[in-house]
Amino acid sequence: MLKFFLLFILINSLNGLNLPNGSPSLYIPVKDNIELLDTNNFKQSVFGSERAWFVEFYSHWCGACQRYAAHWKEIALKTKPWHSKVIQVAAINCADPINDDLCRDFNIEYYPTLRIFPPFAQYDKPEHDSKIINQKDDLEVEMIKYLEKIETLPKKWPIFKEFTSKRLDVLFVSNKNAKYALLMIEKKDSILGMQMMLDFAEHADNLIIRRTTEESNPLLIQKLNVNLRKLPIIFLIENSKGSLKKYESFSDSKKFIPNDLDSKLDEREKFKRMIEKFINDNISVLNNMENKIQIIDDKVDDIADEKSQENSNKISMLDLEASLNVMLRSEISHSNLLNGEKLASLKIWIKTLAKYFPGRKEVKEYLKNLDTKLNSLQTDEITGTQWKQMTNDAQTSDSFLADKSEWMNCKGSKPNFRGFPCSLWTLFHTLTVSQIEHENSKTKPFDDSFSVKEVFEPIRLFVKYFFRCQECSTNFQNETHDYLENLKQPHDAVLYLWKVHNRVNKRLASDLTTDPAHPKIQFPSKELCPNCYNGTEEFNEEETLKFLLSHYSSQNIQELKEDKLEDADSIGLDVNEKEFKIEGDGLNEDVDESLRVVENKEFEQSDSSSMLFWIFVFFVLIGSYLIYSNLKKGKYKLKKHIV
Ligand SMILES: Cc1cc2nc3c(=O)[nH]c(=O)nc-3n(C[C@H](O)[C@H](O)[C@H](O)COP(=O)(O)OP(=O)(O)OC[C@H]3O[C@@H](n4cnc5c(N)ncnc54)[C@H](O)[C@@H]3O)c2cc1C
C-alpha cells in the first residue's frame, strides 16, 4: 500500500517537472526543416558529425526569440537542400530545464545565440569547436563564408575551392563515375557558385559542380572564350568514359532554359531552375524530397487554447515562486563563470530578494541561506555549476523553494506566451511595493537609512546580467537610463517601474509575441481601477500609486492552494528526481534511480516502524511486569491481612 502511495507521489512529481503542455518549442520538427536538439541528443548529433551544424540556442518565452523564429525557419527552408549532406540547421530550447547544464556548458549569455560547428567538430576544443554568428548578419552569406574556409572537407561534400586547372577533364578527378560537371564562371565576390554547389549537394554523386573566376583561372577562361561582361556563366561538361565529349554554355542553348522561366526571378532562382531542368532531363535522379517529408501537424496551433486562469485582482504566489525557480536554478546558472560586476550584481540581487520577497517563511529562509552562502564565498569567482550546487545546498527541511515552473496568472494561451517574463515583471513590482511596506512597519519610516534606489538598482543589474532575452535587457537599460533623476521621493520606484512597464506595453502592443488572449494595455485598465484615470486616457498618478501599493501588497497575494502547497512541500523528492533526470543517461535509469529513492524511503520508513514496534513491545512487557508484581504484592498484603 505504502509502495503504491509513494509511487503515486513520484509519478505526480515527474509530471510536475514538466513545463505547461510538456516541453514547449518554437519549432515543429520536420515541418520547419529544423532539427530539434536537447541534452539527450546534442553531443551525439553535433560532435564528430560529417555535417556542419548551425544551432540556435533560444528560450521559448523570450519575445526576441519568438520574433526571430520566423527568420530561423526561413533560413532553414532556404538552405534545406544543404541539410542532408553539408550543414544542418538546428535549435535547442535553453528554457527547458533538461537543457540547463548544456546551455551553461556553451555559456549562453543571451537568447537567441547562434553557434556554427564544423564537420567532425570536437567537444574538447575551445568554445567546443564552435563560433558565434551574429544573428543580425546575412546568415546565408555567413554560412557560405564559414563553409568556404573549412580545410578538410568530408568526402560527400562538393569541392568549394575555385577550379584552377586549365584542363576540363580534371573536373572529374574527384568523381570519375560522374557523367556531367557544371563549371560556373563568376565574379570574384559572387556567392552564386557556392549557392549552386550547396543547393545541389544531394546530387554530388552524379553531377559535379565547381566554380572559378577570371583571377584564379585566366587560361581556362581564355580557352573557353568567355565574355567577361556576361558573367555569371555555366558550362556543361560531359564526360564519356574518361574523355571529354563536349562542353557548352547553358546560356547559349534554349534547351537549358525552362519554358516557364519567369524573367523577374533573381539570378540565383534562374540558375537553380535551369540546373533543375537539366537534372530532370538528363540525370533524372532528382530526389523528390518534398514527397518524403512527413508533415507533422502544427502542434503549436493544435494546442488547445487554454483558458487563462488570470485573476487580475490578485497576485499569484505560484507565479512569484516559479519566477524565483526559473531565475535561480536555470537563468543564472547558465553563466559559465560568475565574477567581477556580474558576481557583485548577483550578490546584491539575492540580498534584495532575501530582504523583500513577500513569500512563505520557508522560501524566505531559502533566500537567506543563499545570501549567506554567497557572502561567505572565499573566492572572487564561481562557476555556473557551483552556483547551481549552491541552489541545491540551500535547500533544507525548513528552507526551500519548490522546483516548479507552473504559472497561474501568468499562464499564456499557448506555451510560448507569457510565463517567465510576465512573472518577472510581477516580481519586480511586488518588490518595489514590499520595500514600502517594510518601511511602513518601522517606528520611524523613511528616515535617513531609507534609499529609494535600494530595490530598483538591483532589479536593473539583474536585468542587465541575467535576463537573457538580449533585446529585452538592452531595451530596459536604455529605457531606464534616467532612473537616477527619477528616483527622489520614497514612492518614486513604484511609479517609475509602472511607467517603464507601460512604455514597454505600448511598444509591444501589436507585436506578434503578444498573447492575443492577453492584449498589452496601459495598466491598470479602467475596469481594474476607475479612479486611476482623470479623463478618458490620462492617468491620475496619486490614485494610481494608491492602486499599485494595494495591488502589489503582500495582502493581495493569492497564497498557494492546498494541493500546490503539498506539491511544493514534496521538494525533497522533486530535487532528487530532477537530478537523476539530468544526470542519468536514459529514462530507465531515471526511473530505476527514482524508484530506488522511493524504496530507500520505504526502507527507512519500515525501519523506523519496526523500531516503534519494538519500543511498543518493550513498554507493554514492562507494563505487564509492573502490573503483575503489584498484583502479587497486593495479594501478599491481602493474604497477610486475612491471616
Ligand atoms: C524587464 C523586462 C523587459 C522586457 N523587454 C522586452 C522587449 O524589449 N521586447 C519584448 O519583446 N519583450 C520584452 N519583455 C517581455 C514583455 O514585456 C512581456 O513580459 C511578455 O511579452 C509577456 O507579456 P504579458 O502579457 O504576460 O504581460 P507583462 O507585460 O509581462 O505583464 C505582466 C503583468 O503585469 C501587470 N502589468 C502590466 N503592465 C503593468 C504596469 N505598467 N505596471 C504594473 N503592472 C503591470 C499585468 O497584470 C500583467 O499581466 C520584457 C520583460 C521584462 C521583465
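## Salt bridges and a helix, talked through

Colleague: Let's start with R67 and E471: what is the N to O distance in their salt bridge?

Modeller: Keep in mind that we are looking at a predicted model. Here the side chains of R67 and E471 meet in a salt bridge. A pair counts when the nitrogen is within 4 Å of the carboxyl oxygen, and for R67 and E471 the N to O distance is 2.3 Å.

Colleague: How many residues apart in sequence are the parts that R67 and E471 tie together?

Modeller: R67 sits in helix α3, residues 63-78. E471 belongs to helix α18, residues 470-479. The pair therefore ties together parts whose separation in sequence is 404 residues.

Colleague: Is R67 buried, partly exposed or exposed?

Modeller: Buried means under 20% relative accessible area and exposed means over 50%. R67 has 24% relative accessibility, so R67 counts as partly exposed.

Colleague: Now to K179 and E238, whose closest N and O atoms are 3.8 Å apart. Which strand holds E238?

Modeller: K179 and E238 form a salt bridge. K179 lies in the loop between α6 (139-149) and β6 (180-185), so the pair ties together parts 59 residues apart in sequence. At the other end, E238 is found in strand β8.

Colleague: Is E238 buried or exposed?

Modeller: K179 has a relative accessible area of 42%, which makes it partly exposed. For E238 the relative accessibility is 7%. Buried means under 20%, so E238 counts as buried.

Colleague: Which helix holds E454, the partner of K355?

Modeller: K355 and E454 form a salt bridge, with their closest N and O atoms 2.9 Å apart. The pair links distant parts of the chain, 99 residues apart. K355 is in helix α13 (residues 340-356), while E454 is in helix α17.

Colleague: Last one: how many of the residues of α16 are buried?

Modeller: Helix α16 runs over residues 420-440 and has 21 residues. From first C-alpha to last, α16 reaches 30 Å, close to the 30 Å expected at 1.5 Å a residue. The helix is mostly covered, and the number of its residues that are buried is 18.

Methods. Residues numbered from 1 in each chain as written. Predicted model: local features only at pLDDT ≥ 70, side-chain atom pairs only at ≥ 80, totals over all residues. Heavy atoms only, no water. Helix = DSSP H or I, 4+ residues; strand = E, 2+ residues; numbered from the N terminus. Expected span 1.5 Å × (residues − 1). Buried < 20%, exposed > 50% of the residue type's maximum accessible area, 1.4 Å probe, protein only.
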